Amino acid sequence: MHRAGGAFGGLHINSRLLIPVPYADPEDDYTVIVNDWYTKGHKALRDMLDSGRTLGRPDGVLINGKNAKGDGKDEPLFTMKPDKTYKYRICNAGLKSTINFRIQGHPMKLVEMEGSHVVQNIYESLDVHVGQCMAVLVTANQPPKDYYMVASTRFLKTVLTGKGIIRYTNGKGPASPELPEPPVGWAWSLNQFRSFRWNLTASAARPNPQGSYHYGSINITRTIKLVNTASNVGGKLRYAINGVSHINPETPLKLAEYYGIADKVFKYDTIPDEPPAKIGEIVTQPNVLNMTFRNFVEIIFENPEKSMQSWHLDGYAFFAVAIEPGTWTPEKRTHYNLLDAVSRTTVQVFPKSWAAIFLTFDNAGMWNIRSELWERTYLGQQLYASVLSPARSLRDEYNLPDNALLCGLVKDSPKPPPYSV
């Protein structure tokens, strides 16, 4: 819950020098972190969740921890020189609210999304769902004065708005009090998602084009459908995936597996790949899926609820091939984008809708799949994907560091035999 107290920041990851980037170097590189904000402290928020209540609606929206008052005394968050182009990296580090981001009088050219170069479309505003990041180019080609960056909540009855000042270095005059209007409804947001495309001609992290990975022609070896639900357990609110609400055991999952005592700590695959048509009472227990190393997998996130969802997978990028209203069936695969879906780390799911992703589980480890809505994560809407390499090779996974802290059942255990090359 430290996130509620502002314990977050930006981490820039740049391409290596030998990798060409599909746009000219910007004049400067700015980080914009938007988030919904609660006046209560993180301990009070945690106590609310522990007592079985939700966090409720946020109290405001901040941009880099601030909200411009508009009284003429606001200091600028960023400055721009006339006719220069700047890169803005926008991330939603909030607890639960989708945020629409826009800049007064300045269209934005989208260039990156969670580690991938994208087709460079122009947007007046962008919906940034919880946990998502994207980078845009903005050119200072308007009359020299102050302009507002605007971040406002989406899909809430009461729209909350945060503002920040961008100042031209030769600026003369305050920002206009007339803010650009936010979009309305989630169909607009769904259509915006459909406009995002992978830039197939841009270089990837290694010296080959992003489009050289033909994910659409790989056979799916497993389909996992994950349905989010909410219910009461023992009079307290819990959130679940396929009827299981995750709890962390005293012995961390990865340590239990590494030391060969997983069977004493948790069971694999307690949820089926195809959940029952009607999910009954929620069960609280560790939720771990056993993945076959290097298998190509399809995961369906289905959201039968009336609120937004946003999902994240640690350790991987995946191809977000479809988001659609309704319930998923195998026939929906004809609607998938099998050519240029963006490779990314989060995907949103709209109310009473589903999203489909593809990925190869080729990164050995114990990886968290979670709702990015943090009250849901905290109260069990997460699981782990166990990806074991049968080779026990250092090419796939490192040994446990000598200084790693041990606890639970493995606290005084001798180290297992090390991995070899």
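Colleague: Where does A230 lie?
Modeller: In this predicted model, A230 is part of strand β13, residues 222-233.

Colleague: And how accessible is A230?
Modeller: A230 counts as partly exposed, because its relative accessibility is 38%.

Colleague: What separates the C-alpha atoms of A230 and V21?
Modeller: 43 Å, with the two residues 209 apart along the chain.

Colleague: Switching to salt bridges, how many does the structure hold?
Modeller: There are 20 salt bridges. One of them pairs the side chains of R89 and D29 at 2.7 Å, N to O. That pair links distant parts of the chain, with R89 in strand β4 and D29 in strand β1, 60 residues apart.

Colleague: Is R89 buried or exposed?
Modeller: R89 counts as buried, because its relative accessibility is 11%. D29 is partly exposed, at 24% relative accessible area.

Colleague: What about D340 and R197?
Modeller: Their side chains meet in a salt bridge too, at 3.3 Å, N to O. D340 sits in the loop between β20 and β21 and R197 in the loop between α2 and β13, so the bridge ties together parts 143 residues apart in sequence. D340 is buried at 14% relative accessible area, while R197 is partly exposed at 31%.

Colleague: Which residues are linked in a network of salt bridges?
Modeller: R222, D269 and D273.

Colleague: New topic: how much space lies in the second largest pocket?
Modeller: About 380 Å³. It has 17 lining residues, and K96, F155, L156, S307 and M308 are the closest to its centre. The lining divides into six nonpolar, four polar and seven charged residues.

Note on methods
Residues are numbered from 1 along each chain as its sequence is written. This is a predicted model: local features need pLDDT of at least 70, side-chain atom pairs count only at pLDDT 80 or more; totals for chains, interfaces and linings use all residues. Side-chain values use heavy atoms; hydrogens and water are left out. On a 1 Å grid over the protein atoms alone, a cavity is a set of points where a 1.4 Å probe fits but cannot get out, and a pocket is an open set with protein on both sides within 12 Å along at least five of seven lines; lining residues have an atom within 4 Å of a point. Grid points are joined across faces, edges and corners, and a volume is the space filled by probe spheres set on the points. Ala, Val, Leu, Ile, Met, Phe, Trp, Tyr, Cys and Pro count as nonpolar, Asp, Glu, Lys and Arg as charged, and the others, Gly among them, as polar. Helices (H or I, at least four residues) and strands (E, at least two) are DSSP runs, numbered from the N terminus. Buried means under 20% relative accessible area, exposed over 50%, partly exposed in between (1.4 Å probe, protein chains only). A salt bridge is a side-chain nitrogen of Lys or Arg within 4 Å of a carboxyl oxygen of Asp or Glu.
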